[in-house]
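The sequence and structure are shown first.

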Amino acid sequence: MTQQMKRPIIITGFMGSGKTKVAWELARRLNLEIVDLDNWIEDREGRSAAQIIIENGERAFRSIESKALRTLLETNAADIIALGGGAWIEETNREVIDQYGCTTVWLDAPFEMCWTRIEASAEERPLGKTREQALELYERRRPIYQLASIHIQIVNETLEDLISRILTELRPQIFTDEH
Ligand code: S3P
């Protein structure tokens, strides 16, 4: 009996919630292809998400981000996609994710955990410049992240324990048994 992937896995959550790290570790454990959406955009645009936002504004970045996500799904380029923190917030992106039958995982990290990481990489995250701005965004986005199919509350634990917890939730949703 072999296990077949049914559909791509999407990792979402606020800036600093650990999406990229978790996605890479899941990919390693499951032997799957992973794409980090922001990195993919940076490779193609020759500029980081932060640079695009600073130079052309958030709307311009969102448009590039939506096209990139659609392309990745259309071309079946990855089994796991780590989104940037705002990608899931756009309704058109959630629609295309739904259209491709993806399983979505929300990494729900406490604000202080996210903020510590945002603060440490301030120039990479122009939408979280101050604590107040980041907190307002965090609160505003929570109900939308909540729409993801799997909710993982992040606590202080090892990466290994976190991945085990995610796999327990994910496995029944992403694999079909082929006889
Ligand atoms: C953003 C999050 C960033 C990046 C861009 C916008 C956001 O990705 O896509 O700066 O709107 O939350 P990370 O979540 O990886 O920091």
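A residue is called buried under 20% relative accessible area, exposed over 50% and partly exposed in between, with a 1.4 Å probe and protein chains only. The model is predicted, so local features need pLDDT of at least 70 and side-chain atom pairs count only at pLDDT 80 or more, while totals for chains, interfaces and linings use all residues. Residues are numbered from 1 along each chain as its sequence is written, and side-chain values use heavy atoms, with hydrogens and water left out.

Helices are DSSP runs (H or I, at least four residues), numbered from the N terminus. Helix α1 covers residues 19-30 and includes A27. With a relative accessible area of 4%, A27 is buried. Beyond residues up to four places away in sequence, A27 touches L32, I34 and I80, where contact means heavy atoms within 4.5 Å. A27 and D79 lie 52 residues apart in sequence, yet their C-alpha atoms are 8.1 Å apart in space.

Helix α1 packs with helix α8 (residues 159-174) at an angle of about 65 degrees, the axes being 10 Å apart. The two helices are therefore roughly perpendicular, a class that spans 65 to 115 degrees. Axes are lines fitted to C-alpha atoms over the stretch in contact, and angles run from 0 to 180 degrees between N-to-C directions. On the α1 side, K21, V22, E25, L26, R29 and L30 take part in the contact with α8. The residues of this contact comprise 10 nonpolar, no polar and five charged; Ala, Val, Leu, Ile, Met, Phe, Trp, Tyr, Cys and Pro count as nonpolar, Asp, Glu, Lys and Arg as charged, and the others, Gly among them, as polar.

**Salt bridges**

Side chains of opposite charge can pair when their charged atoms come close. A salt bridge is a side-chain nitrogen of Lys or Arg within 4 Å of a carboxyl oxygen of Asp or Glu. The structure holds nine salt bridges, including those tabulated here.

| Pair | N to O distance |
|---|---|
| E25 and R28 | 2.7 Å |
| R62 and E58 | 2.9 Å |
| E136 and R140 | 2.8 Å |

Salt bridges with shared partners link E58, R62 and E65 into one network.

E25 and R28 are three residues apart in α1, so about one helical turn separates them. E25 counts as buried at 17% relative accessibility, whereas R28 is exposed at 59%. R62 and E58 lie four residues apart in helix α4 (residues 58-74); R62 is buried at 4% and E58 is partly exposed at 32%.

Definitions and conventions. Angles under 35 degrees count as roughly parallel, over 145 as roughly antiparallel, 65 to 115 as roughly perpendicular and the rest as oblique.
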